[in-house]
Protein chains: 2
Amino acid sequence: MAKPTNSVNAGQNGSRVTIRDVAKQSGFSSSTVSIVLNDAPLARYVPKVTKDRIEATAKKLGYRPNLFARSLRSHRTRTMGVLVFDMSDPFCTPIIQGIEDSLYQKSYLPILTDVQNERSRFESYLGMLLGLRVEGLIVLGNWLFMDVDVLSDLAKNRIPTVMIGHELKKGPVSTVIVDNEAGSRLAIEHLFSLGHREIAFIRGPKGLGDSIPRWRGVKKFADASDLVLDPDRIVDLPESQHPMTGFEAGYELTKRLLDSRQRFTAIMAFDDMSALGAIRALLAAGINVPQQCSVIGFDDVAPASLCTPALTTIRQPMSTMGAMSVSIALEAIKAEHESKPFPALHRRLAPELVVRDSTAPLNGFVSSARPLGESRRVVLETADI
Amino acid sequence: MAKPTNSVNAGQNGSRVTIRDVAKQSGFSSSTVSIVLNDAPLARYVPKVTKDRIEATAKKLGYRPNLFARSLRSHRTRTMGVLVFDMSDPFCTPIIQGIEDSLYQKSYLPILTDVQNERSRFESYLGMLLGLRVEGLIVLGNWLFMDVDVLSDLAKNRIPTVMIGHELKKGPVSTVIVDNEAGSRLAIEHLFSLGHREIAFIRGPKGLGDSIPRWRGVKKFADASDLVLDPDRIVDLPESQHPMTGFEAGYELTKRLLDSRQRFTAIMAFDDMSALGAIRALLAAGINVPQQCSVIGFDDVAPASLCTPALTTIRQPMSTMGAMSVSIALEAIKAEHESKPFPALHRRLAPELVVRDSTAPLNGFVSSARPLGESRRVVLETADI
DNA sequence: TCCCGAAGTTCGATTTAAATG
DNA sequence: GCATTTAAATCGAACTTCGGG
């Protein structure tokens with residue numbers, strides 16, 4: 001093994017400059033160097049000339065403290081593990097940015113891994129993160145069929161953990177989700193207020209946690225109004241590993257609805273992907289959106305606003321969800337350090353309706369219409385549970 | 001400071017179980033435990049009963065070696081720093097996945113940071129990564145106006161570095177880019193072969209490295225054929241920090257072209273974002289795509305295939321670019337370890353034409369048309385430079 | 001000498017207690 | 001005794017060396 005030369009390698013190999021190199025070069029001991037560079041309490045007694053000399057040589061050599069050595073000593077790493085189930089889901093990006101922004105402000109380093117819906121990767125990355133002694137863990141279970149025993153693993157490891165996008169009512173894991181029921185209620189209300197009564201529904205896969213509350217929102221609204229839910233106009237997305245297949249499924253299911261000659265004037269899709277698939281099927285059949293059929297999605301992922309017609313949808317407050325998960329995790333870490341108990345928190349954030357160009361009043365229906373191209377946002381208050 | 005109890009805390013706080021805890025519990029010394037768990041050469045002499053007992057207690061306690069301690073000793077971290085300039089750019093995601101996949105196979109851990117086009121974040125994250133002693137660095141400079149002195153910083157730190165999406169001809173940094181000129185040639189050839197002669201161009205921002213070679217491809221093709229490039233049909237995207245503004249700019253520029261009553265039967269956009277903006281402007285003006293006007297993009301980001309009409313575009317081999325950058329970085333790391341020189345490598349990958357629904361033959365022009373909805377891919381060979 | 005296991009040293013930074021003038 | 005500075009212990013794992021049977 002080649003022994004690294006810790007001699008006078010002035011700045012030529014900055015990444016391996018140690019505190020001792022700085023000490024030797026400046027003529028002081030490593031203790032003094034450490035005290036000065038960290039502005040430790042004892043630095044009060046160090047005269048300015050010494051400080052200046054040490055700081056100058058540290059800079060000259062390009063000294064960077066080895067975080068491994070420091071963490072080993074201090075038992076703190078200032079890192080947060082982030083496990084994402086599928087980064088290619090456009091839903092993730094804004095959440096991740098929200099997480100990064102918050103962590104950056106607290107000078108925490110996110111260790112971000114994409115498990116790509118593979119159980120083996122999940123376990124492997126989790127192992128690495130635990131080995132790295134991340135102080136907390138944020139799990140982004142956006143499109144999740146894996147039955148997560150994060151619980152058992154994490155309970156055993158006592159790492160403050162927050163899960164986004166997937167509700168876990170029990171256990172020590174905090175959760176941050178969108179209020180799916182309120183969201184789907186916003187969507188159906190919007191279509192209803194535009195005069196639509198014959199509405200087709202593309203529901204979510206049965207195995208996905210979001211599917212149930214979103215459908216509940218629709219049912220409750222129907223019960224409370226004169227809206228009829230015709231089973232022949234209701235279809236379900238298949239279970240799938242990948243969120244992108246929602247697009248194709250939305251396309252196929254809509255084609256099938258059209259082929260079966262069901263009458264409908266609007267489609268409420270489970271998410272934006274399936275909504276975009278539905279739009280393609282409609283346009284392919286020569287049906288104009290929104291003039292002949294309205295379409296509404298859920299999520300407000302990036303492509304939703306880029307397509308034409310721009311998609312009316314229910315927006316999840318993704319960046320806020322990321323930020324909130326960080327603040328919960330940091331609180332839990334703090335509690336852990338003070339040996340205080342920290343009961344799992346469960347936050348459910350309010351979605352908002354974003355009205356764009358894929359929905360329009362039913363022919364002849366009078367409503368608060370608006371010129372095409374403008375986008376309107378209806379915001380609800382955030383509700384904690 | 002609360003001193004962590006390193007006593008017999010059987011599994012209750014797995015993340016802080018040390019090798020000594022395992023030693024105490026199993027009745028052997030930490031040396032033996034280390035030898036057994038790492039299956040070191042000396043493990044040959046350890047009897048099976050000892051091994052079993054050690055492995056059992058390690059599992060029972062949920063022992064995980066502290067990677068900080070290990071790295072400190074071994075001078076290896078098996079981590080790779082990844083600096084992304086803007087994760088919200090859909091162009092990034094597939095590249096990141098390519099990087100992750102390759103690193104995962106080599107059991108390297110990516111440390112992925114999003115500098116969000118802020119110089120201060122770049123420096124801050126770079127500092128953290130160097131402090132973490134990442135073995136290599138991959139920089140994803142997708143939408144880059146910052147004048148990168150990655151060079152000076154990294155040269156000083158002697159860290160093997162690969163840059164994706166931004167060419168740096170000199171210096172120790174290897175680069176991986178797409179062959180922009182070949183790509184734009186594919187695009188213009190495609191439009192030309194469909195019969196288009198009156199073509200509008202939305203060029204890239206002047207300050208962006210990709211803009212020049214892409215335009216060169218067009219000019220060379222025009223020179224070699226009877227295509228005329230009318231300056232009145234050429235517009236430039238403005239400089240901008242954010243790739244998403246390309247959409248709005250594409251929309252505005254196209255509207256302006258239409259307002260100026262320029263004649264054109266096709267638009268060649270700088271990238272997919274501006275192409276999607278162009279499509280919206282065309283449709284808003286009542287011009288059908290592709291029947292009355294074809295549109296072609298560049299990149300093949302996710303939204304391109306989700307929109308209707310699906311976008312014909314030039315695909316960058318993003319996942320390959322990610323994988324290639326990893327393999328270069330790992331080679332450089334290996335060379336570094338063997339104290340061999342490693343001259344910077346510069347790879348230029350071939351793009352491919354993906355024909356979808358936003359381009360069509362000019363009215364009455366005979367060409368190798370194909371039924372709508374099918375997508376065709378034309379692949380070039382990869383060329384190294 | 002062979003086998004098995006344990007002490008002791010090392011990595012780089014921090015911190016306590018102690019030493020110097 | 002005071003103002004400065006430093007030796008030495010420490011963190012957790014790995015590995016070399018050493019000792020007892």
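A residue is called buried when its relative accessible area is under 20%, exposed when that area is over 50%, and partly exposed in between, as judged with a 1.4 Å probe on the protein chains only. By this definition Asp300(A), at 6% relative accessibility, counts as buried, and Arg78(B), at 36%, counts as partly exposed. The structure is a predicted model, in which local features need pLDDT of at least 70 and side-chain atom pairs count only at pLDDT 80 or more, while totals for chains, interfaces and linings use all residues. Residues are numbered from 1 along each chain as its sequence is written, chains are lettered from A and ligands numbered from 1 in the order in which they are written, and side-chain values use heavy atoms, with hydrogens and water left out.

The phi of Asp300(A) is near 65°, a positive value in a residue other than glycine, and Asp300(A) is found in the loop between β9 (294-296) and α12 of chain A; here helices (H or I, at least four residues) and strands (E, at least two) are DSSP runs, numbered from the N terminus. In chain B, the phi of Arg78(B) is near 50°, again positive in a residue other than glycine, and Arg78(B) is placed in the loop between α4 and β1 (79-84). A cis peptide bond, with omega near 0°, leads from Thr308(A) to Pro309(A), the latter lying in the loop between α12 and β10 (313-315) of chain A. In chain B, the bond from Thr308(B) to Pro309(B) is likewise cis, with omega near 0°, and Pro309(B) lies in the loop between α12 (302-306) and β10 (313-315).

The two chains meet along an interface in which 57 residues of chain A are in contact with 57 residues of chain B, contact meaning heavy atoms within 4.5 Å. Together the chains bury about 6200 Å², of which 58% is on carbon and sulfur atoms, where buried area is the accessible area (1.4 Å probe) that two parts lose on being put together, summed over both. Two salt bridges are counted between chain A and chain B, a salt bridge being a side-chain nitrogen of Lys or Arg within 4 Å of a carboxyl oxygen of Asp or Glu. In one of them, the side chains of Arg121(A) and Asp101(B) meet at 2.6 Å, N to O. On the side of chain A that touches chain B, α6(A) gives the most, with eight residues.

DNA strand C is surrounded by 27 residues, the closest being Ile19(A), Arg70(A), Arg73(A), Ser29(B) and Tyr45(B), where a residue is near a strand if one of its heavy atoms lies within 4 Å of it. Of the atoms of DNA strand C that come within 4 Å of the protein, 66% belong to sugar and phosphate. With Ser31(B), by contrast, a side-chain N or O atom is 3.1 Å from a base nitrogen of DNA strand C. The largest share of the surface near DNA strand C, three residues, comes from α4(A).

Notes:
A polar contact is a pair of N or O atoms within 3.5 Å; within protein, one must be able to donate a hydrogen and the other to accept it, and residues adjacent in sequence count only if both atoms are side-chain atoms.
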